[in-house]
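Could you take me on a walk through this model, telling me what to select at each stop and what I will find there? I have the viewer open and am ready to follow along.

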Amino acid sequence: MFAASSEAASAVLTSGFFLENAWVIPVIPAVAFALIIFFGRKMPMKGSEFGILSMVASLVFSGGAIMQWIDRVNGAGEDQYVAPIVKTWTWWQSGGMEFGLGQHVDGLTLAVLGVVAFISTLVQIYSVEYLRGDRRYTHFFASLTLFSAGMMNMVVAENMIQLILGWEIMGLCSFMLIGHWWEEGANSRAALKAFFTTRTGDVGLLAGTSILFFAANDWTQKTLGVSGFSIRGLSAWALSGEPSHSAIVWGAAALFIAAIGKSGQFPLHTWLPDAMAGPTPVSSLLHSSTMVVAGVFLVARLYPVFFEGMDILGGSSNFIVIIGGITIVIAAALAFVQTDIKKVLAYSTVSQLGYMMMGLGAGAWLPAVFHIFTHAFFKACLFLGAGSISHSASHHSFEMKKDMGGLRKFMPVTFGTWIISTLALCGVFPFSGFFSKDEIIDNVGHNGYTLFMYVGLGGAFLTAAYMTRATYLTFFGEPRGAAAGEHHDDGHGDDHAGAHDDHSHGDHAHADHHGADAPHDSHHGDSHGPHESPALITMPLIILAALAIGSGLLNAVPFGHSFENFTKWVEPRVEVISPTGLATVVGGPGASRTAAEEEGDGHSTEEGHHDSPCGKETPKDGICVAPQLSHAKFKWSKAALSMIIVLLGMVISWVLCVQLYDRKNKALVGLTERNALLGRGYRFLVNKYYLDALYENVIVRGIAHPVSAAAYWVNQNVLDGAVNGAGNITRKLSGWVYRNVDQRVVDGTVNASGEAARGLGGFLRPVQSGKVNQYGALLFGTAAIGALVLVIINT
Amino acid sequence: MLLNQFLILGAVLFSIGVYGVIARRNAVLVLMSIELILNSVNINLLAFSLRSGTPDGHTFALYVIAVAAAEVGVGLAMVLLMYRNRRSIALDELAEMKG
């Protein structure tokens, strides 16, 4: 099917314009950011046109690069290594070290890049309508654009320094965007929390990068001629059998801590649900394709380091898989007690990120990356759907229990896209989530992590159940509160700090949300009840829902080998290559095979996969840049099992919801108050496992307060005592000095000098005119005279 | 080596800056002129540093930049206070310091 004649293919290969210039992709939005900041307010659309245009341009560039990469990969042999397209320029030099900027483009880069550009474009279009009339509209678009630029920069990064650059840009922009409506205290607290929590993890990023650099630099310089920051250098180094055990273990662990912070893994996941304080398009972008995926991407990008450092195929558990597994379960459990629709989705994101981490930790690299890909579409769709509901139906409220219910009749498009995305999230066949999530679970079991396979299946059950609950509360049953057309005047945020009225900025009167003076509400016009959102909002929803169905077919393992396109395009083909093959800037496919590989390579295929020593033993006569991983063989029986579990979760949850919320079944309503054990569990969940309390009260107070108390004690007793003692001695001494020295000797001198000064002052008085310019003139005049004198003396 | 051009540029900038400090009434413009002077110094430092091949001049120029940033911060704060108190930032109206 890819039989575009070989001449045409080779023509594209030799040109490869988009691939070789992929570094432009993050530069475009960065430039757009500057344009928005400087000229945005004067433009007819207040700067959003720059943002959208730059996103479209990035999308076109990524699309071109993806096409060319696919051509290139298809043109290469089945198991032949395709070199990444690497370019690098020196950014700065210091102490003999060179720090580069550049690009490292391969299948993983392009998969994530495409998703980021695509989702960013849709989110920006959506924001035009959603934030219409916002007081910081221009700044919002500026931050949003820079945010995407940061993510793209991180994705194309050639080395760790560039990766950190993009990573930190994202951290900063997430702070600005989450706190976009900072007039409300809860929002700025959430922004600070997100910033500080991710910064805690970032310490690991810096530490890990340094550890790896000092461990690897000599080897990479000698073998590949690249620095120890370079991603391909580190990958090759990790698999070379060269690194010392402790260096790579500590490096990988430190980097993983960074990934924990950024990707909201247990125990640093607490910032992510609070990040809902930002405008909904931000949540959507943050939680689908950018910010939170950064940590997963870091692990996927430097996979060889983690593979060796965590001994991924060597045992039945490791740091990554344990953290991932814990995250899946605890986040899914938390999603059950949320009443805010966006928080349900937030915990669902945390849980899905847990799947990705678990997959990576268990050697299911490709399914995890594919899950990044599919998850981006359906989660963006769900978030934008929640935004659509609050925008048009529930008066900017996100409370499912108070202000929603029965919305399926009023918002058919939002409802339809929501249902499709929910099914995809739950992993129902044939929606996209099935093909990625089921593959993760399957491969985790296949690689010997049996316990975690069951964790994954349990997570699937919980996912299905809480999503059913959210869907029921939002779209079924009787309309409540705002959804029923009521005007409620109490606002939100009365019960917990995170409840935020999405549009309650500053001067906005709470008493009547639909006052004529509220500019952004003008489009509601005559209709006060719930209604469908305008086309700028529903179009992105429809596009994303279509992808939530379709994107799974890119790697539909059940349908046979010819459907595994994502595997073919993204997974690095594993073979031993010569070091020069990696260092070339643009290596044609196969330019790098070693002679040894050409001869002695019996294609010992296992499930159609090439068997390479990479990752298992030390490569001879060359280097490896990716470990050999095997894929589980798809079995319908296993898929059927997980389908049954998902359906079970949906049915049980549905029945319980109907009984609890609709029929008000006596046996269920208030169960948590009557049963002590259930009540305790419920409070444990509502308080988010007391992690926030632990961080704020125990860690922050426990460390900061004793330190300050001790400092105060030292100040009062030790320092003050010393000061007072010294003071007493000084006083006695000074009494004597005063009588003898001061009165006689000093005063005489002072009086005399005072007289002299007065005379001089009278002489100089006209100079002190009080005119600053005149002082300047005097200063420069004096300096000029001084300079002249110097010149004369020296010549 | 283009040392001459560097030095001439530095001297021109310096002179413009001195002119600005002496002749301008507007406090903000005076501050900007001071920046010009500092930067002309930087150019000289860099020019000589490049010529001698040692990084000292570069380092020193970095310090100058940092100090200049602090200086302009203090300066602008003063201008702001002046404006709040007097509704004007014309320097020639400020003669309280007259001795």
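Start by selecting helix α16 (residues 341-361) and helix α21 (residues 450-475), both in chain A of this predicted model. Their axes come within 11 Å and cross at roughly 165 degrees. An angle over 145 degrees counts as roughly antiparallel, and α16(A) and α21(A) are therefore roughly antiparallel to each other. Now show the residues that make the contact. From α16(A), pick A:Ile341, A:Val344, A:Ser348, A:Ser351, A:Tyr355 and A:Met358. Their partners on α21(A) are A:Phe452, A:Gly456, A:Gly459, A:Thr463, A:Tyr466, A:Ala470 and A:Thr474.

Is A:Asn443 buried or exposed? With 25 other C-beta atoms within 10 Å, A:Asn443 is buried, because 20 or more such atoms are enough to count as buried. Leaving aside residues up to four places away in sequence, A:Asn443 touches A:Gly359, A:Ala362, A:Ala364, A:Pro367, A:His631 and A:Ala632. Take a moment over A:Ala632: 189 residues separate A:Asn443 and A:Ala632 along the chain, yet their C-alpha atoms are separated by 5.3 Å.

Now for the nonpolar cores. The largest one has 214 residues, and those touching the most other members are A:Val296, A:Val299, A:Phe306 and A:Val369. Then highlight helix α17 (residues 365-392) of chain A, which supplies the largest share of this core, 17 residues. Zoom in on A:Val299 and display its contacts: not counting residues up to four places away in sequence, A:Val299 touches A:Phe256, A:Ala259, A:Phe306, A:Ile320 and A:Leu360. A second, separate core has 9 residues, including B:Leu13, B:Val21, B:Leu31 and B:Ile37.

Chain B holds 3 helices and 0 strands, giving the order α-α-α from the N terminus on. Of its 99 residues, 19% count as buried. Among contacts in chain B with a separation of 6 or more, 49% come from residues 24 or more positions apart.

Pick out helix α1 (residues 3-23) and helix α2 (residues 27-52) of chain B, which pack at an angle of about 165 degrees with their axes 8 Å apart. Which way do the two run relative to each other? α1(B) and α2(B) are therefore roughly antiparallel, and their crossing is left-handed. The contact of α1(B) with α2(B) divides into 17 nonpolar, 7 polar and 1 charged residues.

Follow chain B on to the segment after α3 (56-86), where B:Arg87 lies. Check the backbone here: phi of B:Arg87 is near 60 degrees, a positive value in a residue other than glycine. With 7 C-beta neighbours inside 10 Å, B:Arg87 counts as exposed.

For the last stop, show both chains together and select the contact between them. Chain A contributes 10 residues and chain B contributes 12 residues. On the side of chain A that touches chain B, look for 3 nonpolar, 5 polar and 2 charged residues.

Notes
Residues numbered from 1 in each chain as written. Chains lettered and ligands numbered in written order. Predicted model: local features only at pLDDT ≥ 70, side-chain atom pairs only at ≥ 80, totals over all residues. Axes fitted to C-alpha atoms, helices over the stretch in contact; angles between N-to-C directions. Helix = DSSP H or I, 4+ residues; strand = E, 2+ residues; numbered from the N terminus. Parallel < 35°, antiparallel > 145°, perpendicular 65-115°, else oblique. Contact = placed C-beta atoms within 7 Å. Nonpolar A, V, L, I, M, F, W, Y, C, P; charged D, E, K, R; others polar. Buried ≥ 20, exposed ≤ 12 C-beta atoms within 10 Å, placed from the backbone. Core = buried A, V, L, I, M, F, W, Y, C linked by C-beta atoms within 7 Å. Left-handed = near helix turned anticlockwise from the far one by under 90°.
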